Amino acid sequence: MMCLQGQAVAQLCSTIPNVTVFGTASSFKHEAIKDSVTHLFDRNADYVQEVKRISAEGVDIVLDCLCGENTGKGLSLLKPLGTYILYGSSNMVTGETKSFFSFAKSWWQVEKVNPIKLYEENKVIAGFSLLNLLFKQNRGGLVKVVMDKLLNLYNSKKIKPVVDSLWALEEVKEAMQRIHDRGNIGKLILDVEKAPTPLVSAKHYVRGVQSHKMANDSTETSEAGEEEEDHEGDNENKERMPFIQ
């Protein structure tokens, strides 16, 4: 049994027989990802009790990309000889930039690891940073072996990347903001050949992440039926409408 966050990890779990997957996500994403896990919970709810209600002993593996208070929750869910793996720390980031206060709060909420407690409870805790593995620890050869296996799974249609939206290189800021706002369901792609999407009035942009549908009209009309002109200098009230798959 596994408790995790991440659609890619959920797809990989599906390639292993007889695996029960517990997933957590923001509630607005549930409809889109409910079929990729066995049990799905709201990440802001007390999912620890819900998991233990289904599996009293806990789970064998916890894969955590959030950190913060989720670290303690993950460790508490482990069975004896279970493994907790941290592979991200998105709770340390809010808004457009890293916030010192959010970082400090998340750091304070991380359960302090006690080696003696791990020893007594027969639990394992580990970390995985692909960035450091590649560029600081010179394990590019190992990563290539794993990538070859992933490509084989993709070619055999056992896994399929989930794409949220497509962006031009000039739209990196807006794309990153979408990620930081946790508005995406799947990966964002930067297309070097794509032209930037024209700026539109923010009130005409319907986010609709669950349905991934856009509003048909992006121009407000007056009662007389004439289009209202956008005034110069209003760009700060506008945003780009991404191409959503």
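This is a predicted model: local features need pLDDT of at least 70, side-chain atom pairs count only at pLDDT 80 or more; totals for chains, interfaces and linings use all residues.
Modeller: Ground rules before we start: local features need pLDDT of at least 70, side-chain atom pairs count only at pLDDT 80 or more, and totals for chains, interfaces and linings use all residues. Numbering runs from 1 along each chain as its sequence is written, and side-chain values use heavy atoms, with hydrogens and water left out.

Biologist: Why is α3 called roughly parallel to α4?

Modeller: The axes of α3 (residues 47-54) and α4 (residues 69-77) cross at roughly 15 degrees and come within 10 Å. Angles under 35 degrees count as roughly parallel, over 145 as roughly antiparallel, 65 to 115 as roughly perpendicular and the rest as oblique, so α3 is roughly parallel to α4.

Biologist: What makes the contact between them?

Modeller: Tyr-47, Val-48, Val-51 and Lys-52 come from α3, and Asn-70, Lys-73, Ser-76 and Leu-77 from α4; contact means heavy atoms within 4.5 Å. These residues divide into four nonpolar, two polar and two charged.

Biologist: How do you know that Ile-33 is buried?

Modeller: Its relative accessible area is 10%, and buried means under 20%, exposed over 50% and partly exposed in between, with a 1.4 Å probe and protein chains only. So Ile-33 is buried.

Biologist: What is Ile-33 in contact with, leaving aside its neighbours within four places in sequence?

Modeller: Gln-7, Ala-25, Leu-40 and Ile-185. Ile-33 sits in helix α2 (residues 30-33), and its C-alpha is separated by 9.6 Å from that of Gly-186, 153 residues apart along the chain.

Definitions and conventions: Axes are lines fitted to C-alpha atoms, for helices over the stretch in contact, and angles run from 0 to 180 degrees between N-to-C directions. Helices (H or I, at least four residues) and strands (E, at least two) are DSSP runs, numbered from the N terminus. Ala, Val, Leu, Ile, Met, Phe, Trp, Tyr, Cys and Pro count as nonpolar, Asp, Glu, Lys and Arg as charged, and the others, Gly among them, as polar.
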